[in-house]
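Okay, thanks everyone for coming. Let me put the structure up, and then I'll walk you through a few parts of it.

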Amino acid sequence: MNDRIRKLRKLSVETQPSLSIERALHETAFYRENYGKYSTPVMRAMNFLDHCLKKNIYIGQDELIVGERGPAPKAVPTFPELTCHSVEDLHVLNTREMQRYTISQADIDAYDQKVIPYWKGRTQRERIFSHVPPEWKAAYEAGLFTEFMEQRAPGHTALDGKIYRKGMLDFKQEIAANMAALDYLNHPAATDKSEQWKAMDIACDAVIVFAERHAKLAEEMALKEPDPKRVEELKKIAKVCRRVPANAPRTFWEAIQMYWFVHLGTITELNGWDAMNPGHFDQHLTPFYEREIAAGTLTRDEAKELISCFWIKVNNHPAPPKVGITARESGTYNDFTNINIGGVKSDGSDGVSDVSYLMLEVIAELHILQPGNSVHISVKTPDEFLNAAVRLIRKGHGYPSVFNPDIYIREMLRQGKSLRDAREGGCSGCIEVGAFGKEAFLLTGYLNVPKILEITLNNGVDPVTGRVAGIETGDPRSFENFGMLYAAFLKQLNFVIDQKMRVSNYIDRMFAKYAPAPFLSVVIDDCISRGKDYYDGGPRYNTSYIQCCGLGTVTDSLAALKKHVFEEKKYSIEHLLMAVMNDFKGDEILRQTIRNRTPFFGNDDDYADSIAVKVYNDLVEAIDGKPNIKPGGKYHLNMLSTTCHVYFGKVMGATPNGRFAGKPISDGTSPSHGADTHGPSAVVKSLSKLDQVKSGGTLLNMRFLPGLLRKEEDVVKLGHLIRCYFTLGGHHVQFNIVDNATLLAAQACPEDYKDLLVRMAGYSDYFNDMNADLQQEVIERTEHDTF
Amino acid sequence: MAFNILGWMIFDIKRYAINDGPGIRVVVFFKGCNQHCTWCHNPEGISSGVEKLYTPAKCIGCGTCADVCPEQAITLAAGGIVTDAALCTVCGKCAEVCPTRAIEMSGTAMSVAEIMEIIEKERVFFDQSGGGVTFSGGEPLLHSRMLMELLDECGKRGIHRAVDTAGHVSTETLLEVARYTDLFLYDLKMMDAGLHEQWTGIGNEKILSNLKVLADTGTPVIIRIPLIGGVNDDEENIRQTAAFIVSLPGDSREVHLLPYHPIAKHKFTKLGKPDAFVLMEEPGRESIESVTGWFGEYGIRVRVGG
């Protein structure tokens, strides 16, 4: 890390995130002045242009890559057209302990007087909630699912390589050619298309203006700058900003700046989920890198410095905070820009280059929250790259996550993408797949699968609130066998999913109608050629995902019911339900018996794994292939939970797997915490029984004690474990190298940490089997890294 | 003895073993050992019979075990249960019902087919990583009949086979087993016969001569040394060990050091023999470095941790 990067990193890490009301003020004034004068898409584009013309431009000391969404690093704008923060929200954000966003009282007052009154009744969120049917509301309030689009615009977007070949002026030409060919006499949608194209054209101008204002500022700063070296840099910045994004980039520097302006454009125009993502950034940059290295116009160190500058830029952009009830909850600053590194190229060949290694080096050196990063390991990926990634994993920062292109390409082919488009795709945000640059793949929300079992066991009533949350599927006391219970669960599941889809479709229309994204539409195929917005079926592919949570918890709960109640009849269903309702108070024997004598998911045991497979297949059946309302668009599922398993756990009582009320449910497709006791290879085998190609992504979190990655051979062996999982059809895995805080938690609550295993030559014991002294010993060794 | 009409006593089968031979392995632990090393880290592997393990920290004092005990050997006490060893027949009924698995039986009679079924579950990991099976213990060579059956079966299925032995068995047995073994992990504790007997209960003459014979056959051997502070980490012992290794035929010039760790303390408690635990000295970083250096002078590579 050189001095420049050290300073930029320090500023980025140490700056407290704050809220900027600048965008909201510009937008509110613009809407007051202009609402009703233009078509919605044109209005949106003009609003975007207006803000780009007026917003404060920031070029920091030492910066090479320039541009901020707000007026300064970590100053986050608000998007009142989607969700308007109340005064109370702003106070909460300003004062809460976790994930705080500061805002001055003067700004809160300004918001109260100028912004809030205008948007009252006009926000997307209010539109949505004024529409939803009571059944949906009951299920939503019970925590059976969440709805992404009530807080932010649909997003999860990643780019392909087009912006490295075309500039905004090229896109404007394409738009003009389409407009010139419009047949107003015979084409019924001509007017609508024309408005879309006008909007896209204005949006292109907006980002060009935005870049030019940076060029101008850099030139002004150069005039006042005493340091001749910095003067040259500022002049270079100006030159780059006059070149891109108007024109296609020619150099490595221009290519990174090109992407960054496009990134900022999309996240300033609207507040899409999971920000924006360059996709296979190493692959996009490689041609520039190789050309310049060969020509001697760029050194490896300079390339690394520019990549570092970019990384810090992403870190400067915390996720915009939510509104309403969730403002009190802790969230995350992470906006889930997920850089895909490695993988395969569109011709199927290995995508690893020196730029891929440079990125791993940058990640290791910077150690910052954003951007997220992932390595993509196909059968063609060299072991050298895999091992370099595992060495990074060993550092214990929780990244990179590891993806399997050989499977996710098949997932996309199954969804109907062309081979080329599938190969250019990858994973955005967390684990969800999409055809980068050609698809709207929207996450619609999380589904609380264990909660569906909970209301099934209460005949449609949420036992936590006593209110009806689903439909009546029969009194569980009347179920004579496991099949009857499962059938009821399935009925409930389908009902809940239908509720969710119904409202998601409505929300989709609301975005198409009131909050189109003309700039995003410019960079996603085939919005230009179709003359349609990103939210309105413009993209080549249109997918709606439902993210199913808690496979481990629901599997283990069903396994417990099947074994102890219906097969062995050790406990009556009344007994078990009563114990669950009482949070196992006074019935620790039953709870312990379940915890210790039930086959749980994650142990390569077919008893439990077959239940997991059944639930998974039934989720696929209920969701996959159902039409969303866009042309050719379909629902698919993925098995992502992010941190929602914590929220879902909070709204639940105890579960039949012995989990206490309020505790988190299992995450992604991972086993429940502490349920897997046969080591990582058994976990991998269990997970591989799910036909993951039928998903749009699964998620496997694994916890490792540092002792398992001590030697270089251990690194290689973890690489083998990953290869095996991927050979068996795994989509994703990530490793948390356990830190001392986790180990201390493990001491306090050993049953949740039974999966932590210790490996020493000729010796085996699970961490949790050791007495406190020895656990302490392991902890101390972790600290000193001498295990 | 080791043989049992139901099968052979296995006390653990460990998956994703990464310190007991090349690649990702399964380790099968045979119960029963003919040495009694003071620092033993698998004390449940010494006796060849079934033993009852009890973990007080897991016990919730529910008394379910006492209710089912046919001998009334279990009584509830403060902080858990007490088992009267004189009455207990290790029938295992208490372990079957214990809700928390605070009581477990160490030693399961398993057939070759049952063991192979578990080994097969890990096949994909062997294939990918160049791993396989390691038979350990206890002393697996005390169960040579079953061991050879298992080795033969693994060989037929193309699974790499390692045997982790302390070498104190008849030379014929060792050579017979060697025919079915791809790699030996051979424990070498110390060179002085008297000290060896003092610390392990037996002399080392046979161990040394067997190692020589084994090396003569050309079977790959990795020598493993449990390094105990103040016991065998001194310069004299290490130089003698190194000289011995160098004198062996073949090109086995790699030694794995397994530094002592008091990790087995709780196992003695579980076995109901807390007083049998002897706390030894952990070799420090300096000691490990010196040992590595001395071996290096003889051209022997050292790996720490197996």
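So, what percentage of the 306 residues of chain B count as buried? It's 49%. Keep in mind as we go that this is a predicted model.

Staying with chain B, its secondary structure comes to 11 helices and 13 strands. Along its principal axes, the C-alpha trace spans about 60 × 45 × 35 Å. A compact globule with 306 residues would have a radius of gyration near 19 Å, and chain B comes in at 20 Å, so the two agree. As for contacts in chain B with a separation of 6 or more, 72% of them are between residues 24 or more positions apart.

Next up, where the two chains meet. Chain A puts 33 residues into that contact and chain B puts in 35. On the chain A side, the elements that each supply at least two residues are helices H24, H27 and H28 plus strands S13 and S14. The top contributor there is H28(A), with seven residues. Sort that side of chain A by class and you get 12 nonpolar, 12 polar and nine charged.

The axes of H22, residues 551-567, and H25, residues 606-623, come within 9 Å and cross at roughly 120 degrees. That angle is why we call H22(A) oblique to H25(A). The crossing is right-handed. From H22(A), the contact residues include Leu551(A), Val554(A) and Leu558(A); from H25(A), Ile611(A) and Val615(A) are among them. By class, this contact has 10 nonpolar residues, one polar and one charged.

Definitions and conventions. Residues are numbered from 1 along each chain as its sequence is written. Chains are lettered from A and ligands numbered from 1 in the order in which they are written. This is a predicted model: local features need pLDDT of at least 70, side-chain atom pairs count only at pLDDT 80 or more; totals for chains, interfaces and linings use all residues. Axes are lines fitted to C-alpha atoms, for helices over the stretch in contact, and angles run from 0 to 180 degrees between N-to-C directions. Helices (H or I, at least four residues) and strands (E, at least two) are DSSP runs, numbered from the N terminus. Angles under 35 degrees count as roughly parallel, over 145 as roughly antiparallel, 65 to 115 as roughly perpendicular and the rest as oblique. A crossing is left-handed if the near helix is turned anticlockwise from the far one by less than a right angle, and right-handed if clockwise. Two residues are in contact if their C-beta atoms, placed from the backbone, lie within 7 Å. Ala, Val, Leu, Ile, Met, Phe, Trp, Tyr, Cys and Pro count as nonpolar, Asp, Glu, Lys and Arg as charged, and the others, Gly among them, as polar. The radius of gyration is taken over C-alpha atoms; the globule rule is 2.2 Å times the number of residues to the power 0.38. A residue is buried if 20 or more other C-beta atoms lie within 10 Å of its own, exposed if 12 or fewer, and partly exposed in between; C-beta atoms are placed from the backbone.
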